[in-house]
2 protein chains.
Amino acid sequence: MHGFGSAFLLAQVGAHAAQRFAERIAELDLTPAQVGLLRLVATRPGQSQQAIAAQLGTQPTRLVALVDGLEKRGLIERHRNPGDRRLYALELSEDGRALMSRIALTSMAHERALTAALTEGERATLHALLTKIADEQDLTPGVHPGYTRLKGS
Amino acid sequence: MHGFGSAFLLAQVGAHAAQRFAERIAELDLTPAQVGLLRLVATRPGQSQQAIAAQLGTQPTRLVALVDGLEKRGLIERHRNPGDRRLYALELSEDGRALMSRIALTSMAHERALTAALTEGERATLHALLTKIADEQDLTPGVHPGYTRLKGS
DNA sequence: TATTGTTATACTCTATAACTATA
DNA sequence: TATAGTTATAGAGTATAACAATA
């Protein structure tokens, strides 16, 4: 006798997942926004800050402090684009690449813990159903819609 | 070749669901926080503000402005508890009860739109899997974990 | 003295618009 | 003049602590 639909359950479980993930990566001194940026720079290196802002659906001004923090920690490097000296080309440093491995391990542990109640087959089913929904709802793969509202120094 | 796990998909689809729901109820001039409060008052009328705050996992001070707004619109009523005049007993007004019907319709439309990609059987499967996860993760039925971070005048 | 609800303060986060440097 | 990045300002939202009324 719960009476709550799948939409509410999705929002509830999804917020819980995001919260638990934030707690896990906090142990690496990272915020969700920082991880999102790191992932994007790792996947497509050399992009400008504005290009990245557009892909994340956030505003370019937000990236300044975000990149500043990761650059000071030696995780990201700002390379000037020789062709157009107005643009930066963002890339991961050696330490940044090493950190990505730790983030991957954290993500896998998070994944296992979150779906601990499911069997292997149920996990595959859930993944397939979520993918169907995400596809039909036109969600960009790898981009968290709530990115705008996630803090990150 | 997406490579994103169910945990990320859950967070992504969940945030999308919450966002779309917020847009729908905005047409009723309501915020997610206000709907959460209305639902709780409708389910268990007569509770004090502190009791409600505890159930929502938020702080009592936040409820003041929240209740103020709904009271001024004639949706919620503050009744003084005769036994202990420090406490209020929050209840829905006639208009408040009517509004709950409209919220229910909005929620159902939201539910259908969000799961439009799924068959009837797939919807039942998704609901069962999400319930399993929510139960194992000790999530309180009907309480959105991200309630703390939802605005509401 | 303890508790309910309220108010006040400071703090964080975001968004908008100006500014610089390059083109 | 147009664009990338930066900075500055104001606004919204939250949390903490103090306050008044009642017990």
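Chain A of this predicted model contains 6 helices and 2 strands, where helices (H or I, at least four residues) and strands (E, at least two) are DSSP runs numbered from the N terminus. The order of these elements from the N terminus on is α-α-α-α-β-β-α-α. Local features require pLDDT of at least 70 and side-chain atom pairs count only at pLDDT 80 or more, whereas totals for chains, interfaces and linings use all residues; side-chain values use heavy atoms, with hydrogens and water left out. Residues are numbered from 1 along each chain as its sequence is written, and chains are lettered from A and ligands numbered from 1 in the order in which they are written.

Along the principal axes, the C-alpha atoms of chain A fill a box of roughly 60 × 30 × 25 Å. Of the 153 residues in chain A, 42% are buried, buried meaning under 20% relative accessible area, exposed over 50% and partly exposed in between (1.4 Å probe, protein chains only). Contacts are defined by heavy atoms within 4.5 Å. Among those in chain A between residues at least 6 apart in sequence, 58% join residues at least 24 apart.

L30(A) lies in the loop between α1 (6–26) and α2 (32–43) of chain A, and it counts as buried because its relative accessibility is 4%. Apart from neighbours within four places in sequence, the contacts of L30(A) are I25(A), V35(A), L38(A), L70(A), R73(A), L99(A) and I103(A). Between L30(A) and L130(A), which are 100 residues apart along the chain, the C-alpha separation is 27 Å.

R78(A) is located in strand β1 (residues 76–80) of chain A. With a relative accessibility of 17%, R78(A) also counts as buried. The side chain of R78(A) makes a polar contact of 2.9 Å with that of D68(A) and one of 2.7 Å with that of E71(A). A polar contact is a pair of N or O atoms within 3.5 Å; within protein, one must be able to donate a hydrogen and the other to accept it, and residues adjacent in sequence count only if both atoms are side-chain atoms. Beyond four places in sequence, residues in contact with R78(A) include Q49(A), V64(A), Y88(A) and L90(A).

Chain B contacts chain A through 46 residues on chain B and 46 on chain A. The area buried between the chains, that is, the accessible area (1.4 Å probe) that two parts lose on being put together, summed over both, is about 4,600 Å², and carbon and sulfur atoms give 70% of it. L10(B), Q12(B) and L129(B) supply 12% of the area that chain B buries against chain A, more than any other three residues.

The interface holds 2 salt bridges, each a side-chain nitrogen of Lys or Arg within 4 Å of a carboxyl oxygen of Asp or Glu. K132(A) forms a salt bridge with E122(B), with the closest N and O atoms 2.5 Å apart. On the side of chain B that touches chain A, α1 (6–26), α5 (94–114) and α6 (120–136) of chain B each supply at least two residues, and α1(B) gives the largest share, 14 residues.
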